[in-house]
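Me: I have a chain open on my screen and would like to go through it piece by piece. Can we start with the inside of a helix?

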Amino acid sequence: NEKSKIEQYLPLTISGINFMGYVDRIDFSEKGAEIIDYKTGKSRVEGKDRNWQLGFYALAAKEKYGKVHKVVLDMLRQERPIEFEIDEKGNAHCTSSKFIEGFNIFEIQKEILETAQKIQQAYKSGFKPCPIDKNCEFCNEYYYGK
C-alpha cells in the first residue's frame, strides 16, 4: 500500500556497538510494522541464521518505526514464506509451520552483542592464523556459536 517502504536501511546500536542491515520491504498496519525479507537463491535460511536475521530486523525496525508485529522470510523458490508474529514480550511465534521453533528478539539481541564483543576482543588480541595447508576462504575461528 501507499505506506509500504522498500529497501530500508536499518541501523541499530547495542551497548555502543553499531550494526546495520537492509530489509526488502516494510508494511504498516494498525497492528504495527511487518518486515518482509526476500531470498531468491535455492538454499534455505535455517535455524540460528534465520532467527538472527529476522530478530535483528525486528529490533532495528522497532527502534526506527515503533511496534513490529510480524517478520517474514520469503524464500521465493520455496513453497511458502516463513512468518513469525511477535508478542509484547519479544517472543516470535511461527505462524506458518508448527515444525519451526520460535525465538525471542531480546535473546537474539543478547547473542548478537556477545558475538560482537568476542569479535572486538579477538581483533584487539589478534586473530589466530589458520594453518597454511588449510587455505580456507573464510576463517571459522571466531564464527558465532562455536
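Reply: The buried residues of α1 are Arg50, Asn51, Trp52, Gln53, Leu54, Gly55, Phe56, Tyr57, Ala58, Leu59, Ala60 and Ala61. Buried means under 20% relative accessible area, exposed means over 50%, and partly exposed lies in between (1.4 Å probe, protein chains only). Helices (H or I, at least four residues) and strands (E, at least two) are DSSP runs, numbered from the N terminus.

Me: Where do these numbers come from?

Reply: This is a predicted model, in which local features need pLDDT of at least 70 and side-chain atom pairs count only at pLDDT 80 or more, while totals for chains, interfaces and linings use all residues. Residues are numbered from 1 along each chain as its sequence is written, and side-chain values use heavy atoms, with hydrogens and water left out.

Me: How many helices and strands are there?

Reply: The protein chain has two helices and seven strands. Along the sequence the pattern reads β-β-β-α-β-β-β-β-α.

Me: And how much of the chain is buried?

Reply: Of its 146 residues, 39% count as buried.

Me: Back to α1. What span should its 19 residues have?

Reply: At 1.5 Å a residue they should span 27 Å, and the end C-alpha atoms are 26 Å apart, which agrees. The expected span is 1.5 Å times one less than the number of residues. Just after α1, Gly66 takes a positive phi of about 100°.

Me: At what angle do α1 and α2 pack?

Reply: The angle is about 105°, and the axes are 9 Å apart. Axes here are lines fitted to C-alpha atoms, for helices over the stretch in contact, and angles run from 0 to 180 degrees between N-to-C directions. α1 and α2 are therefore roughly perpendicular to each other. That label covers 65 to 115 degrees; under 35 counts as roughly parallel, over 145 as roughly antiparallel, and the rest as oblique.

Me: Which residues of α1 and α2 meet?

Reply: From α1 there are Lys48, Asn51, Trp52, Gly55, Phe56, Ala58 and Leu59, and they meet Ile105, Phe106, Ile108, Gln109, Glu111, Ile112 and Thr115 in α2. By class, this contact of α1 with α2 has eight nonpolar, four polar and two charged residues. Ala, Val, Leu, Ile, Met, Phe, Trp, Tyr, Cys and Pro count as nonpolar, Asp, Glu, Lys and Arg as charged, and the others, Gly among them, as polar. Contact means heavy atoms within 4.5 Å.

Me: What covers the buried residues of α2?

Reply: The cover includes β1, β2, α1, β5 (82-86) and β7 (103-104). The buried residues themselves are Ile105, Ile108, Ile112, Leu113, Thr115, Ala116 and Ala122.

Me: Take Leu113. What does Leu113 touch?

Reply: Leaving out residues up to four places away in sequence, Leu113 touches Ile14, Ser15 and Ile17. The C-alpha atoms of Leu113 and Ile14 are separated by 6.7 Å, although the two are 99 residues apart along the chain. Leu113 counts as buried at 14% relative accessibility.

Me: Is Ser15 buried or exposed?

Reply: Ser15 is exposed, with a relative accessible area of 59%. Ser15 is found in the loop between β1 and β2, and its phi is near 50°, a positive value in a residue other than glycine. Most residues other than glycine have a negative phi.

Me: New topic. How many aromatic pairs are there?

Reply: Rings of Phe, Tyr and Trp (its six-membered ring) pair if their centres lie within 6.5 Å; planes under 30 degrees apart count as stacked, over 60 as edge-to-face and the rest as tilted. By this rule the count is four aromatic pairs. In Phe28 and Tyr65 the ring centres are 5.4 Å apart and the planes are at 65°, so the pair is edge-to-face. Phe28 lies in strand β2 (residues 17-29) and Tyr65 in helix α1 (residues 47-65), so the pair ties together parts that are 37 residues apart in sequence.

Me: Last one: where is Leu73?

Reply: Leu73 is found in strand β4 and counts as buried at 0% relative accessibility. Its contacts, leaving aside neighbours within four places in sequence, include Asp37, Val45, Arg50 and Ile82.
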